Amino acid sequence: MDLFFCSLSSGSSGNCYYLGNEFHGILIDAGISATSIRKFLQSRGIPMNVIMGVLITHNHTDHIKGLEVLIRKNCLPVFTTRAIWKSIPGYCRTIPHDCIREIPVKKKFHLAGFDIEAFPVCHDAPETIGFHISFGGKRITFATDLGHICETSAAYIKAANYLVIESNYDEEMLANGMYPHFLKARIRSDHGHLGNHQTSAFLADNFTDNLKDVYLAHLSRNNNTPETALNTLHKTLSLKGIVLNDRQRISVLDRNLPGEIIKLD
Ligand SMILES: [Zn+2]
Ligand SMILES: [Zn+2]
């Protein structure tokens, strides 16, 4: 049973990810315009009518910007918790209520052939969740906005064979950058974002042969570069004596452009 992943956009300016099987697909977040979502999917040979629903992680604009138009134009169901739906700003309120499917956390539900479980993460929105999704024995975890990896999120991250995980900022670039003090403090806080060293240290401490692909996600435009994030992870793994086997891949998701469709096998 084939499983396909494609990042349409990943970063502080907009997040949207596609996960598909042979028949259907789902989107995780809709933080870019509905037009870009349709065009990016089309450019990868994915028609909108295979999309069976949209999972939403939290109410920040970079995760919901295109949601309202996307849902109104395509009549798709939206899966998120009650607290997140209630916190979503007014411009999304024209979404018909019968499109909203409230989901619990830490309890499986089924959609388009996928088993999906939301889990809570620490972030500065009214509620924020990650997703752990299984299909045909393969497990992928999405954890894109979290200030630190708590015990609960750690369990879902460690259970993944494929991992989309935030590596938002380089600690030195943030410290020396132009952001005001309060914003730097917010980003670094336990309810902000994960820095390159935080993500790398966690992965190095928990790296096993079960983890096949790591996709570093949600990079900051001003406080990170793909090379810095990738180098930090490679260095941290090598300091721990971890050598990737030839089935393991580590890469960075592009901030603005859709990636290729990746078959997860
Ligand atoms: Zn975000
Ligand atoms: Zn956020």
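Ground rules. This is a predicted model, so local features need pLDDT of at least 70 and side-chain atom pairs count only at pLDDT 80 or more, while totals for chains, interfaces and linings use all residues. Residues are numbered from 1 along each chain as its sequence is written, and chains are lettered from A and ligands numbered from 1 in the order in which they are written.

Overall picture. The chain holds nine helices and 14 strands. Helices (H or I, at least four residues) and strands (E, at least two) are DSSP runs, numbered from the N terminus. Along the principal axes, the C-alpha trace spans about 50 × 45 × 35 Å.

How much of the chain is buried? The share is 45% of the 265 residues. Buried means 20 or more other C-beta atoms within 10 Å of the residue's own, exposed means 12 or fewer, and partly exposed is in between, with C-beta atoms placed from the backbone. Contacts need C-beta atoms, placed from the backbone, within 7 Å. Of contacts between residues at least 6 apart in sequence, 66% join residues at least 24 apart.

Now the sheet. Seven strands form an open, mixed sheet in the order β6-β5-β4-β3-β2-β1-β14. At the edges sit β6 (100-102) and β14 (262-264), each pairing on one side only. Pairing takes at least two DSSP bridges between two strands. Inside the sheet, β3 (residues 25-28) and β4 (residues 51-55) run parallel, joined by three bridges. I28 stands opposite L55 in β4.

Next, helix α1, residues 34-43. Its buried residues are I37, F40 and L41. The arc is that of the directions from the helix axis to the C-beta atoms. Why that spacing? An α-helix has 3.6 residues a turn, so residues three or four places apart point the same way. The face turned away from the buried side carries exposed T35, Q42 and S43. On the buried side, α1 packs against β1 (3-9), β2 (16-20) and α3 (67-74). G45 follows α1 with a positive phi, near 75°.

Over to α3. L67, E68, L70 and I71 are buried there. Their arc is only 165° around the axis, which puts them on the same side of α3. They pack against α1, β4, α2 (61-64) and β5 (78-80). Just after α3, C75 has a positive phi of about 50°.

The core. The largest nonpolar core has 63 residues, and Y17, L27, V54, L163 and L216 touch the most other members. Such a core is a set of buried Ala, Val, Leu, Ile, Met, Phe, Trp, Tyr and Cys residues joined through C-beta atoms within 7 Å. Leaving out residues up to four places away in sequence, L27 touches C16, Y17, Y18, I51 and V54.

Last, I133, in strand β9 (residues 129-135). Is I133 buried or exposed? Buried, with 23 other C-beta atoms within 10 Å. Beyond residues up to four places away in sequence, I133 touches L19, F114, D115, I116 and I140. I133 and I71 lie 22 Å apart, C-alpha to C-alpha, and 62 residues apart in sequence.

How values were computed:
Contact = placed C-beta atoms within 7 Å.
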